[in-house]
Amino acid sequence: MTDIKGCQSCDSITGDSTLDLLNQDLAKQVRTAYDRLDDRGMSACLFGSGGTCCRICNMGPCQIIDGVESMVGVCGATADTVAARNFARIVAAGTAAHTDHAREMVRGFIATAKGETPHEIKDVAKLHKMATIFGIEIEDRDKNEIALELGERALAEFGQQEGTLTMLKRAPEKQQKIWKEMGVEPRGIDREVVEMMHRTHMGVDQEYKNIMKQVARTSLADGWGASMLSTELTDIMFGTPVPKRAIVDLGVLREDMVNVTVHGHEPLLAESLCLAADDAEIIALAKKVGAKGINLAGVCCTGNEILMRRGIPVAGSFIQQEMVLATGAVEAMVVDVQCIMQSVAQIVKGKHTDIITTNYRAKMPDAIHIQFEEDAAYESAKKILKHAIANFKKRGDFYIPKNKKFDVVVGFSHETINYMLGGRFRQSYRPLNDNIINGRIRGIGALVGCEHYKYSDDVHFKIAVELIKNNVLVLATGCAAQALGRRGLMRPEAATEYAGDGLREVCETVGMPPVLHVGSCVDNSRLLIALTEMVNEGGLGDDISQIPAVGSAPLWMSEKAVAIGQYFVTSGAHVVFQDLPVTGAKKFSQYILEGLKEDYGACWGVEKDPIKHARAMIAAIDEKREALGINKKQERVLMDMQMRRDLEGQALPGMGCGHGGN
Ligand code: SF4
Ligand code: MSK
């Protein structure tokens with residue numbers, strides 16, 4: 001029912017392929033989030049968006065007006081206390097989501113080490129590196145034995161009650177000192193989330209700065225704890241991403257194949273589906289119903305995981321999940337956890353498509369549930385695919401947009417950035433640091449997080465173009481990365497088309513795009529390691545707060561994005577969002593928008609307008625450059641032959657010719 005002419009939100013509809021699809025009669029029958037947003041017809045509650053609605057006890061709900069004596073909570077809670085508690089609970093929920101995801105990955109890792117899954121330990125170098133961080137013996141030991149010990153040690157960090165998390169010691173020494181002095185080192189991953197929920201229960205912690213200490217601790221348990229464990233162990237099991245070409249957008253669906261989209265977050269399921277899709281029995285069954293085989297396509301962060309490691313195409317981001325189904329060309333959408341709209345099961349009513357839930361933690365009405373069993377992963381995956389194959393012959397009218405199938409280069413783990421800019425023989429961040437110091441690259445801008453329906457989805461594009469035009473190298477994750485890929489910024493050619501002179505020169509020499517896809521939302525931990533490597537390389541200060549780098553989740557939707565933003569701030573990186581639910585509390589908002597800087601060297605910023613948002617990021621980068629004494633306006637020095645030779649030859653296979661020509 002989304003009607004292009006009638007829909008007030010259509011200026012926020014994502015990309016040409018979506019508009020193309022929505023112009024088709026079959027898609028006009030579908031009710032999407034755009035319709036529901038219009039139908040709601042009311043603006044957001046001011047108390048809710050300002051963070052001052054409290055409903056944590058049954059004397060309320062209480063709506064608080066800051067500074068009005070009669071408008072404190074029934075219990076006397078002030079606007080600052082309520083807003084801080086609400087903010088804290090957002091961070092706790094986001095951290096809990098990353099934590100539960102990570103726990104499943106660690107359990108899958110242990111099962112793999114025991115030989116109970118169809119997967120194997122692929123990245124032995126990373127296994128050894130991680131084992132060394134955990135103080136595990138690696139000499140003369142079988143990889144599965146080391147992996148088992150590592151997995152068990154990692155799993156213990158979730159329930160740990162005392163001490164500190166092991167991976168904190170990967171951070172720059174000065175960062176660790178700041179956390180120690182502030183008393184915010186996380187003791188155990190689950191403990192911090194539980195304590196956060198307790199401290200924000202009615203009548204417990206009622207001092208906003210003290211609440212924010214536990215917020216800092218919880219966020220570190222996410223970034224340097226759960227998320228980092230998840231990323232690293234997933235890499236060891238499924239391979240650390242390396243650059244590869246892939247395609248994104250709705251047009252990746254295939255007319256002549258059984259289309260199975262995987263949506264959610266935990267890659268154990270998706271990786272098993274990838275293996276099973278090549279199974280001879282599955283291919284034979286697909287052929288029997290007249291299809292050429294199985295076309296797997298990703299949605300949201302599961303999409304990012306298999307895009308990064310396998311180059312499997314992405315059909316859509318969070319904002320496109322309903323559009324993917326509106327094509328009528330999908331035989332099954334297989335979902336696990338997080339960011340799955342309940343509407344997907346309604347959209348497919350009357351269509352041949354099945355929504356298949358696979359995780360006992362996440363069921364929904366009108367979906368089919370096929371439990372994904374870790375210890376029978378291959379069989380579970382085949383069962384799901386057989387179900388999809390049976391739907392192929394039932395496919396009715398469908399439409400797959402043909403106008404856009406964006407070619408992207410993905411797979412930029414922090415190891416890849418190291419290799420790419422440092423070269424095979426002297427892998428290091430030295431060239432990146434040098435290019436920041438000499439001004440070719442002004443700094444690093446991380447665009448992470450979600451998309452949503454309130455603002456136009458070209459927000460990411462506009463911010464990224466403004467950044468790269470000003471020589472800021474962009475690292476992107478999550479649905480933000482998909483939005484930028486869809487808009488063509490992850491092609492090496494984009495450097496020639498959009499980047500400023502300095503960044504263009506570096507990108508063209510190495511053959512990389514000016515916007516690098518770094519992974520899914522848990523993979524933001526890769527950015528923490530990249531920033532740490534830059535500190536360790538030298539020349540850019542001795543902690544993360546001195547690096548000319550800034551983060552942004554311009555279209556945050558999920559609580560996870562706030563947890564991510566907070567762990568960047570607690571780690572010393574300034575972060576800008578389009579808004580935060582804190583504006584109803586003066587002292588609290590001032591604290592997180594300014595005061596946190598005194599404690600951690602970084603704070604939050606907010607700016608809705610995309611261009612002003614990008615400029616706020618650039619201003620933060622320039623402030624760091626100024627403090628480092630490297631912000632002098634320099635005559636542009638073209639690379640001489642030696643400099644080029646240093647970088648050339650380091651262009652990676654599949655990365656293009658270095659001049660955006662392929
Ligand atoms: Fe109202 Fe206080 Fe209860 Fe919150 S905790 S709902 S402010 S009485
Ligand atoms: S899926 S958390 S909409 S990035 Fe990770 Fe996308 Fe945000 Fe979900």
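Which loop holds Lys632? Lys632 is found between α26 (610-628) and α27 (641-647). The close-ups below come from a predicted model, where local features need pLDDT of at least 70, side-chain atom pairs count only at pLDDT 80 or more, and totals for chains, interfaces and linings use all residues. Residues are numbered from 1 along each chain as its sequence is written, chains are lettered from A and ligands numbered from 1 in the order in which they are written, and side-chain values use heavy atoms, with hydrogens and water left out.

**View 1. Lys632 in its loop.** Helices are DSSP runs of H or I with at least four residues, strands are runs of E with at least two, and both are numbered from the N terminus. Lys632 counts as exposed because its relative accessibility is 60%. The cut-offs are these: buried is under 20% relative accessible area, exposed is over 50%, and partly exposed is in between (1.4 Å probe, protein chains only). Lys632 and Arg187 are 445 residues apart in sequence. Their C-alpha atoms are 43 Å apart in space.

**View 2. The residues around ligand 1.** A residue is near a molecule or strand if one of its heavy atoms lies within 4 Å of it. The residues around ligand 1 include the cysteines Cys54, Cys57, Cys62 and Cys75. Ile56, Met59, Gly60, Gly73, Val74, Ala77, Arg85 and Met202 are also among them. By type, the shell holds nine nonpolar residues, two polar and one charged. Here Ala, Val, Leu, Ile, Met, Phe, Trp, Tyr, Cys and Pro count as nonpolar, Asp, Glu, Lys and Arg as charged, and the others, Gly among them, as polar.

**View 3. Met59, one of the residues around ligand 1.** Met59 is found in the loop between β1 (53-54) and β2 (62-63). Met59 counts as partly exposed, because its relative accessibility is 48%. Val74 is another residue around ligand 1. Met59 and Val74 are 15 residues apart along the chain, and 6.6 Å separates their C-alpha atoms.

**View 4. Ligand 2 and its shell of 13 residues.** Which residues come nearest to ligand 2? They are Cys301, Cys339, Cys450, Cys479 and Cys521. The shell divides into eight nonpolar residues, four polar and one charged. Domain 2 (250-394) and domain 3 (428-635) each give at least three residues to it. These domain bounds come from an automatic or database domain assignment. The space taken by ligand 2 is the second largest cavity. A cavity is a set of points, on a 1 Å grid over the protein atoms alone, where a 1.4 Å probe fits but cannot get out. A molecule sits in a cavity if more than half of its atoms lie within 2 Å of its grid points.

**View 5. Two helices that supply the shell around ligand 2.** α13 (300-310) and α20 (478-486) each supply at least two residues. How many residues of α13 are buried? The count is 10 of its 11 residues. Cys301, Glu305 and Arg309 are among those buried in α13. In α20, nine of nine residues are buried, including Cys479, Gln482 and Arg486. Gly311 follows α13 and has a positive phi, near 70°. Gly488 follows α20, with a positive phi near 85°.

**View 6. Lys382 and Asp279 in a salt bridge.** A salt bridge is a side-chain nitrogen of Lys or Arg within 4 Å of a carboxyl oxygen of Asp or Glu. The closest N and O atoms of Lys382 and Asp279 are 3.5 Å apart. Lys382 lies in helix α16 (residues 377-392) and Asp279 in the loop between α11 (267-277) and α12, so the pair ties together parts that are 103 residues apart in sequence. Lys382 counts as buried because its relative accessibility is 9%. Asp279 is buried too, at 12%.

**View 7. Lys292 and Asp256 in a salt bridge.** Their N to O distance is 3.1 Å. The pair links distant parts of the chain, 36 residues apart. Lys292 is in the loop between α12 (280-288) and β5 (294-299), and Asp256 is in the loop between β3 (244-248) and β4 (258-263). Lys292 is exposed at 55%, whereas Asp256 is partly exposed at 24%.

**View 8. A network of salt bridges.** The structure holds 47 salt bridges. Among the residues linked in this network are Lys126, Arg170, Glu305, Arg309, Asp523 and Arg526. Glu305 and Arg309 are also buried residues of α13.

Key: 1 Å grid on protein atoms, 1.4 Å probe; cavity = no way out; pocket = protein on both sides within 12 Å on 5 of 7 lines; lining within 4 Å.
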